[in-house]
Amino acid sequence: MSIPIARPWFYRTAAVVAFIFAQILVLAMPVKLQEPGDWGFQYATRNFAEGRLTLTHEQYIQQSQEAGGESRWLSSYGLVGDDSWAFTWAPGYAFYLAPFERIGVPQLGASLLSLGVVVVLYLLLARLKDEETALFGVTLLVFTPLYLAMWQRVYMDSFAALAFCGMGGGLYLYYWLSRDRLGVRSSAAVLLAAGFLLMASVGVRYTNIAIFVVFGVHFLVMTVRLHRHRVRFLPIGLFFGLGIALSGIGLLAYQGRVFGSFFNSGSEFAQFGIRFAWDYQLGEGYGIVRRNIISLWVPLLAALPIILAAAPAFVVAAYEKGFFFRRTDNCPELPVHIYRVILGWAVAVFGIYVMYDWTSFQNGARFLFPLLTRFYLPALLPMVVIVALMLRRLSAKLWGSVLAVLVVLGVIFFIQVARIQVYFADGATPPSLSLPAMPANISAVLSEECGL
Amino acid sequence: MKIDVGLAFLRRYWLWCVVAFFAVLHIFIFTRVFQSIDNADVELYFNYASNIMSGQIPYRDFTMEYPPGALLVFLLPRLFASTLEVYGPAFALTMLAFDLACLFMIISLARRLKLAVVPTLIIYSLVVISVGSIGVQRFDFAPAALSLAAVFAFGRGNYKSSWALVAVGTLIKLYPIALAPLFLIYQWRHQPWRSIVAPVLVCGAVLVCAMLPFFVLSPSGFTNAFSLQSGRNLQIESFYASLLFMSHALGGSTVAVFFGPVSWDMTSRYAAGIASISLVAMFFAAATVYYTYFLPYRWKQAISVGPPEPPALGRLVNFSLLLVIVLLMTSKVVSTQFIVWLLPFVPLVSGRARHAVWPIFIVAGLLTWYIYPLHYGDLYDLYVLPMQALFLRNIILIIIAFWLWEAREPELGSEEMMERLLPNCA
């Protein structure tokens, strides 16, 4: 059911107001470096901005001591050579942020990413259904607690991991929904941008490769399908590949330059091993998944309350699309192949991180939710799309009540987690998070342990 | 041939097969999944029952915080269990009996309301599982089953039984009496006023007969049980407390948690004030629900002494759930086990809100289980996430109440109402 005002400018203005309100909220909370990762990221960005891809041992020690204090050394750097330390996280976001860091406004970088996601989501939902749905979706997106929390945490790559794949994936889906309406040049440009951004999202966070694979499989299937129907698609489709190649070459060049091989990623040199359930024996792996499900479902509900609506929405859509039993499709605006992509997108993110070992060893109840749930942020966009489409079928009062509650929750939960410097109500660091403190005589220790 | 015979048997007795399956499932859940041993409350019930078995009089010889009907629930398992180790499982079996009674009534009501039986039972099983072992660690299944029994009897036109069951439920926990005005409104607008007198008298008689002896034997002890409840502080799971927790986490008013007379309570600048006005809030909230229920009946309906038609019965079930949620959300005490009061009504929700209510109530149940027993200590140690989980649980219950209120429909079975409405529409 629609609200009575049906002018496009009203919805667009309202979406802009929602974005501006969220932006003000984010800027109102001072940037705090909450985890060792934030410190490492800040220094990596500065180093990249000054053209330093690697650090000498001396520079590494100096910067670690500059960061200072317990849990604040550059833990995201790893030893890659005799006298060479490199940033071991995916470098894409640090590269993106470097110019903004150089001019002293890193927040602008995150805000531009947020704006990009909002615009793409608005276009996508407007194309899928209408502008009212688009406004609904944008409001859901920008007031999700985890979205706000990670938007505000400029020196952490989770937000960019969402933004790049959100923009790339959104543009890709937009292309398939508008293929008949777009001209050749527009199609090529949209696919080029989509490919570039999707691959860039892998350069921002390596695990986004799972999302990339979902889009890749869809692209191949659609290409084959169009070929069978004798539709000339390949010349346009090549632009998607070109976009991928452009950002892919950048990532490979960085890896070749810093890690010695195009196919060596930073994870192999990380100070703390990044492992997933598949790296363990079957029983242990199962334990990781079980612990993650038990300890993370409530932090996830607090971080992404939209899950409450998204899970049933995915099930209802699957039912209507005939995944269980064939029945009347009440959601014709969502083509089955698009539904498969957004479902695959969400499943890819949840599927990988439910197997992440580090989160399974933490006591979820004693952390603020962003610490353990930020990895799931890239799944937000598909959830917003499905929820916006399914809830809009309900009466205005029902979906209005859901939206109002989610906005209020988003604002409250965001302020609660953003205002606290440490992750614990009593100010203590629980044993589970006690990373080894950086020794005062780090130089001697490193010399001894690393043979430097 | 054998397959055909089997299919024919299933077709003929499918309902009994379904009943048997779910009964076995619930027996398994209550005896194997839920844990009733090593629980302080079960021990308390055992002690109350043992005191009575040794000849002591409740309220006079020992203090008790519950209405007298609760004693029957405590005594029943004590008749078969002389030690605490045996009493725990026996108490769980008693709660299982109330649960199975709910199961049978839900089947009957679902058929009467023309709801699909199997999904209804699946949802009932899921909501029971979602709240965890609290179902066998407290006696709240008893008043919940009696509340449903009152609605069930009302739906069959057994008005005297219905009011008597409300009275019995009230003797165990006070809240079922809140259903009485719903019954009263329906009967007042559908039946000659004389027919209301007898059921109300039955209700009053049951209450007086059960309470009077205890009051006569120990007036002060008996009234203390009720004054203890009304004098309680702001309990930490209440909606008001969750708002104060949120304010605390936002850097607003500071709160502290302490163990009060019978529960973990909250103290803050506003807690005492809120606790003192909560009764008024409950009264106004309940009055609003009664008035909303009354609205479609403001024109006198056709006089009928028969049972309510399915739309009217569905409306009564929805409003019963709405009323209990509203009472919980405006009360200063919302102990974990109070969520059990809602369980029998949730699967029977009918109308537009039916499918929307189910999944989010299950999440509310799981959040309740997360808060107690899993992270109660973290909550009173003021960790942020359990506070957010509590707030989320309470917000979900409010959303359910809003949806039930928003999806309320006029009673479609009434031809006279349609006749009255149609000229207006024209």
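A:Asp130 counts as partly exposed because its relative accessibility is 27%; buried means under 20% relative accessible area, exposed over 50%, and partly exposed in between, with a 1.4 Å probe and protein chains only. In this predicted model, local features need pLDDT of at least 70 and side-chain atom pairs count only at pLDDT 80 or more, whereas totals for chains, interfaces and linings use all residues; side-chain values use heavy atoms, without hydrogens and water. Residues are numbered from 1 along each chain as its sequence is written, and chains are lettered from A and ligands numbered from 1 in the order in which they are written.

A:Asp130 forms a salt bridge with A:Arg392, with the closest N and O atoms 3.2 Å apart; the term requires a side-chain nitrogen of Lys or Arg within 4 Å of a carboxyl oxygen of Asp or Glu. This pair links distant parts of the chain, 262 residues apart: A:Asp130 is in the loop between α5 (106-128) and α6 (131-142) of chain A, and A:Arg392 is in the loop between α17 (380-391) and α18 (396-418) of chain A. Helices are DSSP runs (H or I, at least four residues), numbered from the N terminus. A:Arg392 is buried, at a relative accessible area of 4%.

## Salt bridges involving chain B

Over all chains, the whole structure has 14 salt bridges. One of them joins the side chains of A:Arg366 and B:Asp378, at 3.0 Å from N to O. That pair crosses between chains, from the loop between α15 (357-360) and α16 (369-373) of chain A to helix α16 (residues 376-380) of chain B. A:Arg366 is partly exposed, with a relative accessible area of 27%, whereas B:Asp378 is buried, with 7%.

Within chain B, B:Arg352 forms a salt bridge with B:Glu406, the closest N and O atoms being 3.8 Å apart. B:Arg352 lies in the loop between α14 (310-330) and α15 (354-374) of chain B and B:Glu406 in helix α17 (residues 384-406) of chain B, so the pair ties together parts 54 residues apart in sequence. B:Arg352 is partly exposed at 46% relative accessibility; B:Glu406 is buried at 10%.

## Interface of chains A and B

The contact (heavy atoms within 4.5 Å) takes 30 residues from chain A and 27 residues from chain B. About 2600 Å² is buried between the two chains, and carbon and sulfur atoms give 75% of that area. Buried area is the accessible area (1.4 Å probe) that two parts lose on being put together, summed over both. One salt bridge is found across this interface.

## Helix α12 of chain A

Helix α12 (residues 282-303) of chain A has 22 residues, which should span 32 Å at 1.5 Å a residue; the end C-alpha atoms are 30 Å apart, which agrees. The expected span is 1.5 Å times one less than the number of residues. α12(A) bends by about 50° at A:Leu296, and A:Pro299 follows within four residues. The bend is the angle between axes fitted to the seven residues ending at a residue and the seven starting there. Buried residues of α12(A) include A:Leu296 and A:Pro299.

## Helix α3 of chain B

Helix α3 (residues 69-78) of chain B is mostly covered, with eight of its 10 residues buried. Among them are B:Leu71, B:Phe74 and B:Arg78. The cover over the buried residues of α3(B) includes α2 (40-53), α4 (84-112) and α10 (194-217) of chain B.

## Confidence

Chain A averages a pLDDT of 88, and 90% of the residues score at least 70; pLDDT is the predictor's confidence in each residue, from 0 to 100. Over residues 423-452 of chain A, pLDDT stays under 50, and the model has 55 contacts beyond four places in sequence for them.

How values were computed. Helix = DSSP H or I, 4+ residues; strand = E, 2+ residues; numbered from the N terminus.
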